[in-house]
Amino acid sequence: MPGFGLGVYKVDEGDTVIRAVRTAIEVGYRSIDTASFYNNERGVGQGVRESGIPREEIFITSKVWNDEQGYESTLRAFEQSIEKLGLDYLDLYLVHWPVSGKYIETYLALEKLYKEGRVRAIGVSNFHVHHLESLLKDCSVKPVINQVEYHPHLTQKELKNYCERENIQLESWSPLKRGKLLTEPTLIEVGQKYGKSPAQVILRWNIQHNVITIPKSTSAERIKENATIFDFVLSDEDMKKIDGLNINDRSGSNPDDF
Ligand SMILES: NC(=O)c1ccc[n+]([C@@H]2O[C@H](COP(=O)([O-])OP(=O)(O)OC[C@H]3O[C@@H](n4cnc5c(N)ncnc54)[C@H](OP(=O)(O)O)[C@@H]3O)[C@@H](O)[C@H]2O)c1
C-alpha cells in the first residue's frame, strides 16, 4: 500500500470527485481513500478509469458504513460499493467504525471476502486498543490497517505503540485536522526553515512516523502541494517539537461515543 494517498470525504459525487481523483493520479498519487458513506464511489471509479493508469497500479480503499454492519448486510454493502466503483476487486476494505455488538460479525464478513479474493486486504478504522484486543481474539485474518484520527494535536501514543507491537499499520485520517492546524505557529516556523507549508510539514511528520497519510483536497494546487513532501527530511529536533503539540484533541468523534 502506498504510504500516501488522496482522501475524498466530503468531496461531491460527479465532476468534483472525478476531477480530484484524475488530478491526483496525474501528479503521482496511487492511492485513493473512499467509503460508501462518502457517496462518491461512482466518481472515484470514473476518475481512476479516466486517468489512463492501469487499475492494478492504483490502490483503492473503501469502507462499510455503520448502518450496513452485520454479516449478510456487509456482504451486500460490499457488492454495492464494488458495483458503484465499477471494479471487480478492492485493494483494502475497512470496518468504518466499531459499532458495538456488530463489528466482529462485520469483520468476519470481510474475512470471507478476503478469502474469496474479492478484496486484497482487510482492516479496521476508528478502533481503540480495547476494540482491537477483542477483535484479535475472534478473527482468523489479522487486520492490516487501523485508520484513525491522527495529527499533531492527537498523537494517540498508546494506540500507535499497540499497533506497532501487533504489526497493524496505522493510517491517519484528517491529518491536517480539517485545516485547523494550518495556522499553528510551531508548524509555520518549522515550515519556514525548510521552505515548506504547514500542511507539507504535517504530512512529512506523518511519513517519518511511519503513519500512512491521506489528505483531502479538491484544489489542483493543494493536491500537488500535499504530495511535494519527498524532497526534505525533518530533523529529530523538529519531529519532537511537532510531537510536543499533542493536546489529545479530536476534530471528529471519539469511537467510544459514536
Ligand atoms: N475513517 C474515518 O472515519 C475517516 C474520518 C474522516 C476522514 N477520513 C479520511 O481521511 C481523509 C482526510 O481527512 P479530512 O478530509 O477529514 O481532513 P484533512 O485532510 O485533514 O483536511 C482537509 C481540509 O484541508 C484543506 N486542505 C487540504 N490541503 C491543504 C493545503 N495544502 N493547504 C490548505 N488547506 C488544505 C481542504 O480544503 P480544499 O479541499 O479546499 O483544499 C479541506 O478543507 C478524508 O478525506 C477521508 O478519506 C476517514
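Helix α3 (residues 71-85) and helix α4 (residues 103-115) pack with their axes 8 Å apart and at an angle of about 50°, where helices are DSSP runs (H or I, at least four residues) numbered from the N terminus. The axes are lines fitted to C-alpha atoms over the stretch in contact, and the angles run from 0 to 180 degrees between N-to-C directions. The pair α3 and α4 is therefore oblique; angles under 35 degrees count as roughly parallel, over 145 as roughly antiparallel, 65 to 115 as roughly perpendicular and the rest as oblique. Their crossing is right-handed, a word used if the near helix is turned clockwise from the far one by less than a right angle.

This is a predicted model, in which local features need pLDDT of at least 70 and side-chain atom pairs count only at pLDDT 80 or more, while totals for chains, interfaces and linings use all residues. Residues are numbered from 1 along each chain as its sequence is written, and side-chain values use heavy atoms, with hydrogens and water left out.

In the contact of α3 with α4 (heavy atoms within 4.5 Å), Tyr-71, Thr-74, Leu-75 and Phe-78 of α3 meet residues of α4 that include Glu-105, Leu-108 and Leu-113. By class, this contact has 7 nonpolar, 2 polar and 2 charged residues; Ala, Val, Leu, Ile, Met, Phe, Trp, Tyr, Cys and Pro count as nonpolar, Asp, Glu, Lys and Arg as charged, and the others, Gly among them, as polar.

Two further helix pairs can be described in the same terms. The axes of α1 (residues 15-26) and α2 (residues 41-51) come within 8 Å and cross at roughly 40°, which makes α1 oblique to α2, and this crossing is right-handed. The axes of α5 (residues 129-138) and α6 (residues 157-166) come within 10 Å and cross at roughly 25°, which makes α5 roughly parallel to α6. Their contact is made by Val-129, Leu-132, Glu-133 and Leu-136 of α5 with residues of α6, among them Tyr-162 and Cys-163, and its residues divide into 6 nonpolar, no polar and 3 charged.

Turning to the ligand, 28 residues lie around it, of which Asp-33, Ser-174, Leu-176, Ser-217 and Arg-222 come nearest; a residue is near if one of its heavy atoms lies within 4 Å. The table gives polar contacts, that is, pairs of N or O atoms within 3.5 Å.

| Residue atom | Ligand atom | Distance |
|---|---|---|
| Gln-147, polar side-chain atom | nitrogen | 2.8 Å |
| Ser-174, polar side-chain atom | oxygen | 2.7 Å |
| Leu-176, backbone N or O atom | oxygen | 2.8 Å |

Terms used: Helices (H or I, at least four residues) and strands (E, at least two) are DSSP runs, numbered from the N terminus. A polar contact is a pair of N or O atoms within 3.5 Å; within protein, one must be able to donate a hydrogen and the other to accept it, and residues adjacent in sequence count only if both atoms are side-chain atoms.
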